[in-house]
Amino acid sequence: MATYQEFIQQNEDRDGVRFSWNLWPSSRLEATRLVVPVSCLFTPLKERPDLPPVQYEPVLCSRANCKAVLNPLCQVDYRAKIWACNFCFQRNPFPPSYAGISDVNQPAELMPQFSTIEYIVQRSPPNPLIFLYVVDTCLEEEDLQALKESLQMSLSLLPPNALVGLITFGRMVQVHELSCEGIAKSYVFRGTKELSSKQIQEMLGLTNPSASGPQGRPAAPQDPAVTCRFLQPVHKVDMNLTDLLGELQRDPWPVPQGKRPLRSTGIALSIAVGLLEGTFPNTGARVMMFMGGPPTQGPGMVVGDELKTPIRSWHDITKDNARHLKKATKYYDALANRAAVNGHSIDIYACALDQTGLLEMKCLSNLTGGHIAMGDSFNTSLFKQTFQRVFSKDHNGEFRMAFGGTLEVKASRELKVSGAIGPCVSLNTKGPCISENEVGVGGTTQWKICSLSPSTTLALYFEVVNQHNAPIPQGGRGAVQFVTQYQHSNTQRRIRVTTVARNWADAQSQIQHIESSFDQEASAVIMARLGVFRAESEEGPDVLRWLDRQLIRLFMFHLRRSPFLQVFNNSPDECSYYRHHFVRQDLTQSLIMIQPILYSYSFHGPPEPVLLDSGSILPDRILLMDTFFQLVIYHGETIAQWRKAGYQEQPEYENFKHLLVAPVDDAQEILQTRFPMPRYIDTEHGGSQARFLLSKVNPSQTHNNLYSWGQETGAPILTDDVSLQVFMDHLKKLAVSSAA
Amino acid sequence: MFVCVLSCFCVRVSRPPVCQPYSHGAMNLSGPHPSYPQQYGVQPSMQQMTNQMSGMQVGSGPLTSAGPGYAPPPSSEPPISAAYSAAAPPSYTQAPHPVSGAPSQPPPPSEPAAPQPYYDGPPPSQQQPFPSSAPPPSQPFPSSSPYSGPPPSSQPRAPAVSRQQSFPPGPPPPVQQTFPNSAPPPVSQALYSGPPPSSQPGPFPPTFASPAQYPAAQPPSQPGPPHFHSGPPPQCPMPPPSMSQQQANPLPPGPMQQPPQPGMQGGYPTQQNGAFGQPRGPQPGYAGPQYPGQQNYGAGPAPTPAPTQKRLDPDSIPSPQASELPAVQKFRHRIDPDAIPSPIQVIEDDRANKSSEPFTTGVKGQTPPLVTTNFQVKDQGNASPRFVRCTAYNIPCTADMAKQSQVPLAAVIKPLAMLPPDETRPYVVDHGEAGPIRCNRCKAYMCPYMQFIEGGRRFQCGFCSCVTDVPPHYFQHLDHTGKRVDCCDRPELSLGSYEFVATVDYCKNNKLPQPPSFIFFIDVSYNAVKSGMVNIVCQELKTLLDYLPRENPEADSVVRVGFVTYNKVLHFYNVKSSLAQPQMMVVSDVSDMFLPLLDGFLVNVNDSRVVIESLLDQIPEMFADTRETETVFGPVIQAGLEALKAADCAGKLFLFHSSLPIAEAPGKLKNREDKKLVGTDKEKSLIQPQSGFYSNLSKECVAQGCCVDLFLFPNQYVDVATLGVVPVSTGGSVYKYTYFQAEMDRERFLNDLRRDVQKPMGFDAVMRVRTSTGIRATDFFGSFFMSNTTDVELAGLDCDKTVTVEFRHDDKLSEDTGALMQCAVLYTSCSGQRRLRVHNMAVNCCSQLADLYRNCETDTIINFFSKYAYRSLLNTPTKTVRDTLVNQCAQILACYRKNCASPSSAGQLILPECMKLLPVYLNCVLKSDVLQPGADVSVDDRAYLRQLLSCMDVSESHVFFYPRLLPLVKLDGGSLPMAVRNSEERLSKGGVYLLETGLYLFLWVGANAQQELLSNIFGTPTFSQIDPNMTSLPELDNPFSQRLREIIDSFRSQRSRYMKLMVVKQEDKAELIFKHFLCEDKSASGGASYVDFLCHMHKEIRQLLS
């Protein structure tokens, strides 16, 4: 292993793990001095095409509070057929099926290259996937039509045995029965009345008094006749549902002038959650909600139906003027927690020009691992393709989604788990390795991740608890084991186990080593997540100050300016949206989000990455900026003029044509793979959409210093924000003074 | 005027013309009646009795003499008298034999069996109530006993017969006395003690019991035995005729029956009798302190005697009766049923006199022809009697006078009545944008009573005398008589009834109304599906929807329709025309009802025909296997209300409902039926609604113009009293089909439904009655809601609905101007037009009571009284209500006697000509199931009838209380056979009779009916082969059958509800039901016979006079 760079890359490729430090300071005191804690980004379901799952179940440590899984780091006595747990040092006999084990005949989980291994649990019965569409009908005709088509299309993407259900809402909420012939049947609920889960099930006729066991075990799943009314296998109701969607009408209730349509989003969701709760608890299910505007009535309403009252802005929120904010947030939090407990995830597809209340509703997705997609209209490729991509398949033809996951973390004695940040909720599992010092979602060793995709990434924070006076012997290693149980999209139950280890290092004697083991990128993302997590709960400026105190690094400049922390220029919804994605994407994507990538295309050579600086904006360049959420193609002034003049049409300027096409092709490539689909912007010098680019670049030239710089280089940005140069100067000053 | 002398019982026709028909004018009704006084008032001491007796005799003397002088009996009656004499004797002779046989045999076995099935279990319990009341009677008994005597038991009878013969009239008084004393109490008890145990409560209990069933019977029975023993027994005038009847019918209607029953009672569980007895309202009603009650009725047996009397009359009456048994029997004998006022005769006379000429309404204060008469009306300035009928057409000028007479001043108004084809609908008048022209002060609408003055520039209001300017566009010159030149061209100036086009000012929210909507709510719970109701409704609606009401027969109806099914949840249907299939939307949240859809719920039938048909086809299938038995009710109405609100229109909800709504929801009801309460002071709690929920709901319904029609298909108690609140308050109707069976009741239900859906109606109506200064509308009866004291709010008002209005004086009226009344109804027509219908009525004012009594209409008075009484039940014990009724009638008649009649003996009952039927009709009201329920009358039935009556017009209430009984003899020719009086003794064993009650048609077939007759009607010559379960007659190709079916059809078409035809074979079990409607007879539930009641009235009147 040559460099840390390679080591890190290799580790990420194999285990989906990136630690902030790859050598761990061996005492608590030293660790705290490092500012950036020992922590990691972990991608539980990182795609491993080369990793065939094994068809048996893992061997567990027999100690009751350990239960670590047998892994390559364990010491094995082949003769005695005994292995020692590397976490609790318990000696365990191998189970009878391992009788033939020897140092030349090792099971996969003992081989070093299988530090990550996936088991298939045989005993649990296959559970079908469940997709419950919750559809807003208060849409413009055009939007509704587009949405209907997308939904109809999606039916063909679902696995045939998946169960599908439909709830529509507007002023009322309708739960559609899918099993009936002839008359289309639906159960209607008032959009303003909050109902308990039990009431909902009663009203839907789901309660089966005779069948409910003494332990309150829901009997519904055993009674397909009952549940099937609302959740039916796709292959059975394909036609039926297609027709039903086709006949879906706009909410018929008149909307008087000056009013918003009444949208009972809150009740619709509570019914969706209640329905699944009653019928398929602890089974993977996706509630997919499509909404074209903010909830305007009933519990969970975000804004009243009076158009003259605008939806809350940051300004309102800081002034405490957002009437419904707290109530709605609380309501959706409660719903999200209920869904999470039952392992159901909730997606939000919000398409509207104005805000739709994502700020209040973000928990629904954040806690349950659901997606949030935000667009202007359902009739845009942004939505259509994003939605389509939800159902994308991997090379095995299996969905890139998994359900009902739980992640358990086990760590060596010297290490305690402080918490996790990501699309997860705590399972409140007590264990020996829980740190008192909570970071993110802590106080547990297990988290529930209702929905997982291969890119879902959690940040996990650890605390070194080894005391300074109890040095770890040279060459000692600390180990961490991640055990992820989940329901595969093919309905199998699987367990993936990743076990990693890092060397301990004495910070006093080996500080250089530790320094060189620092993973700048991972640390950036990890700290940024922490920042975002705090931003969610604390005042913006406080977070910035905290961050400034904690870190002084280049990326911080951009992070400070990003919507993740900075709410200026972004609506509350947008912030929620950006943050939602930031805390779940993998490292690469997260970095793009923090510091957008800028490519420059010119006749002078092949495309090259350039500094995200106003100095890069030149008349004869085409720029391609990727911020994760947006893809901006910016044509410099000259290029734009040429394009306008139509030179690219002329055969003799074919090279110009190629130049124009190149960034578009590159953008397409990005568009193909990214989820959610980014907003694609094609603009030019002076175009109104150019603001997307201008707001991101480092304002090295502004109207303040315009004349001190050469006219030829770059474009001035009209902002009062400090440039990187100023920022750096300031930092240097601070760094020196603080060191003193 | 008609004079009836009772107790001495002579009926004298004081007024020549009228009375002629009743030749007996002065009839001697045998003296016996002393019994009446006794009966009604036990109090009368012996002396009184004797006095009465003597009085009677006295009276009779003169009467008889008068009789002949007065009137050579016109057609019918004279012969009767003859018949009497002739017939009587034979019967007598015959009677004895049968009697002897009868007594022993018939009573026990036959009777018990029959009554039991009919009256079910209740008997024992019922008895109890009586006992309570009984005690008092018992005491009186001793004294009264003499009269009570009429031996009900079979045994007694036999003796009686013999007695009659043997004992001449003279002796009777003394005999009676003796009898009474000895007979009543001890002996009877002892004798009957065995059987009576049931009646045990008191020695007299039997009396009670008997009253219930056959009031007369029991008392007699007790006394009877003693009598027998004592010796007089042999005499019995009655028996003979009765005997024959008895034999024929185990449950004899008349006196005969009574005897057997008593016997039976004694023999068997007296309870049964008790059952009958208890039901008798009479006791409580009459029983008051005055009468021992039952005993009085015991006298009742009298009716039976009546028949015999006919025959016997001439000779026997005087002597035998007296001589015979105790008073009771005698009395009976003495009163000849034919001698007392006959409704049939009155009806026939009116028909004969008034049907030929059109009735012109121009003359103020003129009494219109009776409702039973076919006549044409010419509107000449007053509303047609088809729209408005008054109790009196001459009203007293002062409140004192009105109070003195006690004649109610009321109008029965049927604002949207249908007119026969030969009369024109009210014209529609448009006064332009400013709306109808009205008086400035009282807001009365322009009408013929407005006096134009100052050359036509102003007009003076006939109601309040205020002067108002005539708007320029309405100005017209006056002719030399002061009338407007265009008077005859303008309906509002020349007619009694017309309509105005209402302007936007008359609309809710100042917005022209939307066309109304009809919403059908079909109960799809287990019972509803199983009974076949769901299927029938769905099938029928498919065609019925093409007949929604419309004003222009050419055009399609603009009424929109919607559909909902429900059990404990509601299913709404989206039937939008653009859908390929209907969509069902289930609302389970019944606690907080709302409308789940807007667009596509209320649709135009033609647009959505395919979808609707598909829906109606699928509903029965969808719920064919339902196991849901619980239903809701309140939320159903709420849903309809919400739908109408959402559509911003008025409309009508049709609810097809099967069971007590016990599912958890607003308006949930519990089963509170408790027959023990019947007859107690708590009885009213059965009639009042269970909770205030529905009355609140109906307020909301009325505010929206949401009319509710309820079709009930109950298999058990459904609490009609509560379920009916909303329909009744919203101008809707309740239809009840108990134990609905698809095959049997399909026709009736469908015809009702068809008519109900198609009938012309107005929505969201407000009715206001304005009157001349001096009187005021103070009380209203009908199906409506009132939020203040003047405006009658009707969510819906159809052509069959009637509002009865009572007027009171608040000042003096003038004889010169008379009294005016204007009824204005503002409503939305079925095409969505806002209209005002105005009915004007002018009546005379009088300062002489005689004028008042000369221009009354008894049918209308009865309509008013019954509505008043039925409503009073809500707050007043039944007994009090009955007493009040009797009392008021007695006062009316007493007032007449005192102020208008020529002086005569106190023993004479003198009735005003116009009111001579008051007693018989009043008796029918008192005997009705509502006021005097029999054991078989459920709480629901009573509530149903009570609500039904509240909006009946005079014609319907008339037949309801006094059913029409037609002998089916020669049916050739276009005219109907003359009806006969409702008494079993009018039935001939050899005949077939059609009885119309307004709710049912009975075809009674005598056991000895001619084979030819049977063949013609049923297609079988054999009596035993007639299927008693048939609901329609076979269509046979013979003139008789055709004509009969025509008659039945025409009867049905005259009523707002389809009358189910029931074939009753003589002596069949079902005959009990039939007999229930023979309202001149003593009723099984204890109602007095006509004769008895007349005697009772007489006594009341005499008390008032003395």
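Between which two strands of chain A does the loop with A:Phe89 lie?

Author: A:Phe89 is placed in the loop between strand S5 (82-84) and strand S6 (91-93) of chain A. Helices (H or I, at least four residues) and strands (E, at least two) are DSSP runs, numbered from the N terminus. This is a predicted model, in which local features need pLDDT of at least 70, side-chain atom pairs count only at pLDDT 80 or more, and totals for chains, interfaces and linings use all residues. Residues are numbered from 1 along each chain as its sequence is written, chains are lettered from A and ligands numbered from 1 in the order in which they are written, and side-chain values use heavy atoms, with hydrogens and water left out.

The backbone of A:Phe89 has a phi near 65°, a positive value in a residue other than glycine. Most residues other than glycine have a negative phi, and most peptide bonds are trans. In chain B, B:Tyr739 also has a positive phi, near 50°, and this residue belongs to the loop between strand S20 (734-736) and helix H36 (742-758). The peptide bond between A:Phe675 and A:Pro676 is cis, with omega about -5°. A:Pro676 sits in the loop between helix H19 (654-673) and strand S27 (679-684) of chain A.

The two chains also meet. Contact (heavy atoms within 4.5 Å) involves 19 residues of chain A and 27 residues of chain B. The area buried between them is about 2000 Å², with 57% from carbon and sulfur atoms; buried area is the accessible area (1.4 Å probe) that two parts lose on being put together, summed over both. On the side of chain A, A:Ile183, A:Val188 and A:Arg190 lose the most area to chain B, together 30% of what that side buries.

A:Arg190 also forms a salt bridge with B:Asp592, their closest N and O atoms being 3.3 Å apart. A salt bridge is a side-chain nitrogen of Lys or Arg within 4 Å of a carboxyl oxygen of Asp or Glu, and three occur between chain A and chain B. S11(A) gives the most, with seven residues. S11(A) pairs in the parallel sense with strand S16 (residues 583-587) of chain B, over five bridges; two strands pair if DSSP finds at least two bridges between them. Within this pairing, A:Ala184 has B:Gln583 as its bridge partner.
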